[in-house]
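Please open the model in your viewer and keep the sequence panel beside it. The stops below are meant to be selected one after another.

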Amino acid sequence: MIDGTGKVFRAIEIDNNFISFSRIDITRYFGNTFYSIDFAYHDTLFSFGGYGFWHMNGQLRRFNTDKEWSIEKVYKIRHT
């Protein structure tokens, strides 16, 4: 993934001196995910938060089977 773009690439050919990448998403650039926390969980890519459009965001995004990012609901847990 390239910071801030939402674009997702897969390494398709690897040898000692060369790596080829193929873009696997159909994301449009919105510029709101700079400095996001990107991670994989159970073979699914996620992206949390980020900076863009002059503010921070707290969105949790999941890379779905349609090769796009979807926003997931984040539930707030209250401690009593």
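Predicted model: local features only at pLDDT ≥ 70, side-chain atom pairs only at ≥ 80, totals over all residues.

Residues are numbered from 1 along each chain as its sequence is written, and side-chain values use heavy atoms, with hydrogens and water left out.

**The whole chain**

Begin with everything selected and coloured by secondary structure: the protein has six strands and zero helices, where strands (E, at least two residues) and helices (H or I, at least four) are DSSP runs numbered from the N terminus. The C-alpha trace spans about 55 × 30 × 25 Å along its principal axes. The radius of gyration is 15 Å, whereas a compact globule of 80 residues would have one near 12 Å; this radius is taken over C-alpha atoms, and the globule rule is 2.2 Å times the number of residues to the power 0.38. Of the 80 residues, 29% count as buried, a term for under 20% relative accessible area, with exposed meaning over 50% and partly exposed the range in between (1.4 Å probe, protein chains only).

Next select residues 9-14 and 19-23, which are strands β1 and β2, paired in the antiparallel sense over five bridges; two strands pair if DSSP finds at least two bridges between them. A hairpin of four residues joins β1 to β2, and I14 can be found opposite I19 in β2.

**The four-stranded sheet**

Now move to the open sheet, whose four strands have the order β3-β4-β5-β6 with antiparallel pairing. The edges are taken by β3 (37-41) and β6, each with a single partner strand, so one side of each is left without a neighbour in the sheet. On average, neighbouring strands of this sheet are turned by 30° against each other, direction ignored, the axes being lines fitted to C-alpha atoms.

Within the sheet, select β4 (residues 44-52) together with β5, to which six bridges join it in antiparallel fashion. Y51 has M56 as its bridge partner in β5, and S47 stands opposite R61. In the turn of this hairpin, which has two residues between β4 and β5, F53 shows a positive phi of about 50°.

Is N64 buried or exposed? N64, in the loop between β5 (55-63) and β6 (69-72), is buried, with a relative accessible area of 14%. Its side chain reaches the backbone nitrogen of D66 at 2.8 Å, a polar contact (a pair of N or O atoms within 3.5 Å; within protein, one must be able to donate a hydrogen and the other to accept it, and residues adjacent in sequence count only if both atoms are side-chain atoms). Not counting residues up to four places away in sequence, N64 touches W69 and S70, where contact means heavy atoms within 4.5 Å.

Finally select Q59 in strand β5, which is partly exposed at a relative accessible area of 25%. With residues up to four places away in sequence left out, Q59 touches N32, S47, F48, G49 and I71. If you draw a distance from the C-alpha atom of Q59 to that of F18, 41 residues apart along the chain, the separation is 35 Å.

Terms used. Axes fitted to C-alpha atoms, helices over the stretch in contact; angles between N-to-C directions.
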